[in-house]
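Here is a short briefing on one protein model. Keep the sequence and the 3D view open as you read.

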Amino acid sequence: MTEDRTGVSLEPGSQWYDGEAGPLVRPYAMTGGRTRPGPTGVRFDLIALVTLDPGAPAIGPDSPFGPEHRTLIGLCCTETQSVAELAADADLPVGVVRVLLGDLLELGCVTVSRPVPPAHLPDERILREVIAGLRAL
């Protein structure tokens with residue numbers, strides 16, 4: 001019997017997970033082996049906000065989307081969510097969600113609002129002075 005370094009059997013047909021794990025789909029199967037979102041390589045921050053585009057094409061059972069794509073679309077239907085929230089709610093790895101969101105973004109199904117970089121935020125000192133000025137009124 002061949003085993004890997006963790007002691008898990010590597011024999012063909014052997015199960016490396018228990019019966020309670022249920023059906024197992026590898027993340028690369030969900031993304032078609034891709035690790036980067038779309039040909040543009042757009043980067044999704046964990047706090048980027050994803051919204052369903054009102055002009056998105058109708059998603060039916062005969063659509064080219066997989067079940068994971070449809071899950072993300074369903075989660076975005078009710079409210080705007082961050083990439084991290086989508087990953088948690090869909091019970092998918094963040095890397096997979098980023099690739100799937102890249103597909104949906106390119107097809108015009110979702111819009112993504114990227115967070116403001118810290119360099120473009122106002123200085124904290126200025127904000128404190130504004131608050132102090134407002135309180136003085």
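This is a predicted model: local features need pLDDT of at least 70, side-chain atom pairs count only at pLDDT 80 or more; totals for chains, interfaces and linings use all residues.

**Cysteines**

The sulfur of Cys-76 lies 7.5 Å from the closest cysteine sulfur, the one in Cys-77, and that is too far for a bond.

Residues are numbered from 1 along each chain as its sequence is written, and side-chain values use heavy atoms, with hydrogens and water left out.

*More on the cysteines*

- A disulfide is a covalent bond between the sulfur atoms of two cysteines.
- Seen from Cys-77, the closest cysteine sulfur is that of Cys-76, at 7.5 Å, again too far for a bond.
- Cys-76 is buried, with 3% relative accessibility. Buried means under 20% relative accessible area, exposed means over 50%, and partly exposed is in between (1.4 Å probe, protein chains only).

*The sheet*

- An open sheet is built from 3 strands in the order E2-E1-E3, with antiparallel pairing. Strands here are DSSP runs of E with at least two residues, helices are runs of H or I with at least four, and both are numbered from the N terminus.
- Strand E2 (81-82) and strand E3 (110-113) are the edge strands, and each pairs on one side only.
- Two strands count as paired if DSSP finds at least two bridges between them.
- Strand E1 (residues 49-52) pairs with E3 over 4 bridges, in the antiparallel sense. Within this pairing, Val-50 has Val-112 of E3 as its bridge partner.
- E1 also pairs with E2 in the antiparallel sense, over 2 bridges. Here Leu-49 stands opposite Ser-82 in E2.
- Strands of a sheet pair through backbone hydrogen bonds, either parallel or antiparallel.

*Two packed helices*

- Helix H3 (residues 83-90) packs against helix H4 (residues 94-106) at an angle of about 110°, and their axes are 9 Å apart. Axes are lines fitted to C-alpha atoms, for helices over the stretch in contact, and angles run from 0 to 180 degrees between N-to-C directions.
- That angle makes H3 roughly perpendicular to H4. Angles of 65 to 115 degrees count as roughly perpendicular, under 35 as roughly parallel, over 145 as roughly antiparallel, and the rest as oblique.
- From H3, Val-83, Leu-86 and Ala-87 make the contact; from H4, Val-94, Val-97, Arg-98 and Leu-101 do. Contact means heavy atoms within 4.5 Å.

*The loop between H3 and H4*

- Asp-91 sits in the loop between H3 and H4.
- Asp-91 is not a glycine, although its phi is positive, at about 55°.
- Asp-91 is exposed, with a relative accessible area of 69%.

*A histidine in helix H2*

- His-69 belongs to helix H2 (residues 67-78).
- His-69 counts as buried, at 10% relative accessibility.
- Not counting residues up to four places away in sequence, His-69 touches Leu-100, Asp-103 and Leu-104.

*A proline in a loop*

- Pro-115 is in the loop between E3 and helix H5 (124-136).
- Pro-115 counts as partly exposed, at 27% relative accessibility.
- Pro-115 and Leu-46 are 69 residues apart in sequence, yet 9.4 Å apart in space, C-alpha to C-alpha.
- Leaving aside neighbours within four places in sequence, Pro-115 is in contact with Asp-45, Ile-47 and Ala-48.

How values were computed. A disulfide is a pair of cysteine sulfur atoms within 2.5 Å.
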